[in-house]
Amino acid sequence: FSIHPTTGDLIWDAPSSPGQYNVAFLIEEWRDGVRIGRIVRDMQIIVEDANNDRPIMEPLEDICVEAGTMINQKITATDKNGDKLTLTSTGGIYQATPAFIKPDFARFTVPQQGSQSSVTGTLTWQTGCDHIRLEPYDVLFKVEDGPAPGRPSPSLFRKLVDMTTLNIRVYGPKPTNVKAVAAT
């Protein structure tokens, strides 16, 4: 059980027993070494026995690219029970209203959505100089399983998910045509 200090991702891998669990955490906001705010958040987590195993996404390495690079990132998920999978993605790099990123938006395509126990999607993004910033872009990927054909009692099926975040950092292009001139 852990929480990432920067992203806030709460990770609890394989709770040991069913039940209702409550967690609370303190979130602090800091600017230039000075705490400017804090808030306590809590959540309830309900753990149930299920005749299902969660789908698994392949781990993703963070991406760091020079502006102008085309990103083509494959995202793959599998389900050992043979359940149907749905793979989705959200993040600030996709088109939104109002548009935050210009001129190009990223696209996430999944050709065989929801039809098999293994699914692959492709994130494509033509980066440009307008995308340069100090902080990385966080892109969330989520895979959710659904009952496979022939599974008993689809109405009793407990959907499970796996989620992962991909960080993409876009930096400025290297200088070109640099000349050194002797100072007199």
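**Entry 1: overall form.** I began by noting that the model is a predicted one. I looked up the secondary structure and found 0 helices and 12 strands in the protein, so that, read along the sequence, the pattern is β-β-β-β-β-β-β-β-β-β-β-β. I then compared the radius of gyration, 21 Å, with the 16 Å that the globule rule gives for 184 residues; the value is well over the rule, and I therefore describe the protein as more spread out than a compact globule. For the extents, I recorded that the C-alpha trace spans about 85 × 45 × 30 Å along its principal axes.

**Entry 2: burial and contacts.** I noted that 26% of the 184 residues count as buried, and that the protein exposes about 12800 Å², of which carbon and sulfur atoms supply 51%. Turning to contacts between residues at least 6 apart in sequence, I found that 65% of them join residues at least 24 apart.

**Entry 3: the nonpolar core.** Which residues have the most contacts inside the largest nonpolar core? I found that this core has 25 residues, and that Ile93, Leu123, Phe141 and Ile168 are the ones with the most contacts inside it. The elements that give two or more residues to this core are β6 (63–66), β7 (70–78), β8 (84–91), β10 (118–126), β11 (137–146) and β12. Of these, β11 gives the most, with 4 residues. As background I wrote down that nonpolar side chains tend to be buried together in soluble globular proteins.

**Entry 4: Thr127.** Is Thr127, in its loop, buried or exposed? I placed Thr127 in the loop between β10 and β11, and it counts as buried because its relative accessibility is 3%, where buried means under 20%. Leaving aside neighbours within four places in sequence, I listed the contacts of Thr127 as Val65, Glu66, Ala67, Gly68, Thr69, Ile71 and Val170.

Entry 5: Arg158 lies in the loop between β11 and β12 and Glu48 in the loop between β4 (34–47) and β5 (56–57), so the pair ties together parts that are 110 residues apart in sequence. Arg158 counts as partly exposed at 44% relative accessibility, and Glu48 counts as partly exposed at 47%.

Another pair is Glu28 and Arg35, with a salt bridge at 3.5 Å, N to O; Glu28 is partly exposed at 34% relative accessibility, and Arg35 is partly exposed with a relative accessible area of 40%. I also noted Arg31 and Glu29, whose closest N and O atoms are 3.2 Å apart in a salt bridge. Here Arg31 counts as partly exposed at 49% relative accessibility, and Glu29 counts as partly exposed at 41%.

**Entry 6: a surface patch.** Finally, I looked up a nonpolar patch on the surface, formed by Leu140, Val161 and Met163, which together have about 230 Å² of accessible area. I located Met163 in strand β12 (residues 161–171), and at 48% relative accessibility Met163 counts as partly exposed.

Notes
Residues are numbered from 1 along each chain as its sequence is written. This is a predicted model: local features need pLDDT of at least 70, side-chain atom pairs count only at pLDDT 80 or more; totals for chains, interfaces and linings use all residues. Side-chain values use heavy atoms; hydrogens and water are left out. Patches are made of residues with over 30% relative accessible area and no salt bridge: like charges are joined within 9 Å, nonpolar side chains (Val, Leu, Ile, Met, Phe, Trp, Tyr) within 5 Å. Accessible areas come from the Shrake-Rupley method with a 1.4 Å probe; for residues, only the protein chains shown count as cover. A salt bridge is a side-chain nitrogen of Lys or Arg within 4 Å of a carboxyl oxygen of Asp or Glu. Buried means under 20% relative accessible area, exposed over 50%, partly exposed in between (1.4 Å probe, protein chains only). The radius of gyration is taken over C-alpha atoms; the globule rule is 2.2 Å times the number of residues to the power 0.38. Contact means heavy atoms within 4.5 Å. A nonpolar core is a set of buried Ala, Val, Leu, Ile, Met, Phe, Trp, Tyr and Cys residues joined through side-chain atoms within 4.5 Å.
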